[in-house]
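Good morning. I have one structure to go through today, and I will keep it short. Please have a look at it first.

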Amino acid sequence: MKKLVSVLIAGLALLPLSTAAAAKEQADLLIRHATIVDVAGARLIADQAVATKGDVIVAVGGDAEVAKAWSAGRIIDGSQRFLIPGLWDMHVHFGGGPALVEENKALLPLYVAHGITTVRDASGDLPNDVLAWRGEIASGRLFGPTLLSSGPKIEGIKPIWKGTIETGSEADVDAAVTKLTGLGVDFVKITDSTMKPDLFLYAIRKVRAAGLRVSGHIPLALTVDQAVDAGISSIEHIGYAYKAGVKDEAAIAADFAAGRIDRAEAYRRIDAGFDPETAMAAYRKLTAKGVFVTPTLNGSRVIAYLDRDDHKSDDYLGLIGPGLRATYQWRIDRAAKADAAAIAARHAEYEHEASVLPMLQKAGVTIMAGTDAGFLNSFNYPGIALHQELGIFVDKGLTPAQALASATRAGPAWFGKLDHYGAVEAGKAADLVLLDRNPLQDIAATRAIRAVVLRGAAYDRAALDKMLADTRAKVAAWNAAAAK
Ligand SMILES: [Zn+2]
């Protein structure tokens, strides 16, 4: 009976709105006179207003029309500014050991301050902490971007990575998939430091059969095509896409699997064996199978050019805790040992691999922007790294609109969430970034952030700067304590 009454009241309450023109609906936030960037259509829509309520966009349209129908407690002026959907970094990490939990947590506001409203955690050595943060962020107890996590990754026995689920048999894999399903992970990550190749393929099939998406590093003893046939959902790091374009990839994999060649020889043959026709055929198959690629070029670029770029005085170092900075060191030490030939080889490898990016795009592969930022990956700074990644995408041949799509639409598409994300439209998530300049003209405009709306909460430039300043102060205090 109670229910019936409330339905009646709700019905009556709606009446005045449909009859009286004067009554405005109440939104939480109104962004007025903005130019909306239609990322999918690669076009601008001028003089629009966007109303949000809770964490959802409730109205989008011509400014006068929307402003007539909606009022809001907070109004942001979007004149001369460009509104895009929130950015997604589809490959980040948290880790470095239990002593670095707080330093990792301090990375979360950096993403938001750089317009990143969702991150995909591709596993580290703090999987349980990250899964806990995911829930705390979703319920509003912790500030940060929406976190989608693989939880602990599946590995072989005694892997080089920590925080994994070790598997040496099909029964182990079955148990791992049951455990991950129980943890409610958003996808599954598999790495191959000690994973047996057959078991790797078995794990992919098993994860897919459990209804989850799966990604990972593909064992050298397998072809990329075998992982694709098994059902891998995305390929992380462009090196694997490059390898898929090597004409005798299958022979190299077989020789390596049989122990006839070592890892170094396998890579030498891969580096020398790229064939554009083979590559295009492989990429068209990725498209047909719906396999996305996360190139993570920025991390590779930083490592490749450590000889020539001095990062010692990077301003961003002031935002990274001392423990996380220390995890950068092993790659720096390794790079320092390289002679001139090794340095030249490193540059060439990066440039070769990066050059397949436009081929992937041409073949119709969905490219996801992801950075590999977090720990270990030196000077690949959470937040700004995504903007650097987009800059590289355009340098290597993508249009600004394609680059923008890789950071706003590809992630939601991969997770099957395009109905909630990826466009400034009514009914979609109130995750938005207001820019001072037009990103379709110059992709660097994604860095000119005027305001961020995260799950309906708006942060203007001053609030974003405060996030950065607060993190800087926290890091300075940690540095001082570490120096004692
Ligand atoms: Zn990674």
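**Zinc site and overall fold**

I start with H93, which is buried, with a relative accessible area of 8%. Buried here means under 20% relative accessible area, exposed means over 50%, and partly exposed is in between, with a 1.4 Å probe and protein chains only.

A word on the source: this is a predicted model, where local features need pLDDT of at least 70, side-chain atom pairs count only at pLDDT 80 or more, and totals for chains, interfaces and linings use all residues. Residues are numbered from 1 along each chain as its sequence is written, and side-chain values use heavy atoms, with hydrogens and water left out.

Which residues coordinate the zinc ion? They are H91 through NE2, H93 through NE2 and D372 through OD, at 2.0 to 2.1 Å. Donors are N, O and S atoms within 2.8 Å of the metal (3.2 Å for Na, K and Ca); water is not among the atoms, so the site may look incomplete. The spacing of the donor residues in sequence is H-x1-H-x278-D. H91 is buried as well, with a relative accessible area of 0%.

Now the whole chain. Of its 484 residues, 54% are buried. For contacts with a separation of 6 or more, 73% come from residues 24 or more positions apart, where contact means heavy atoms within 4.5 Å. The C-alpha trace spans about 80 × 55 × 45 Å along its principal axes.
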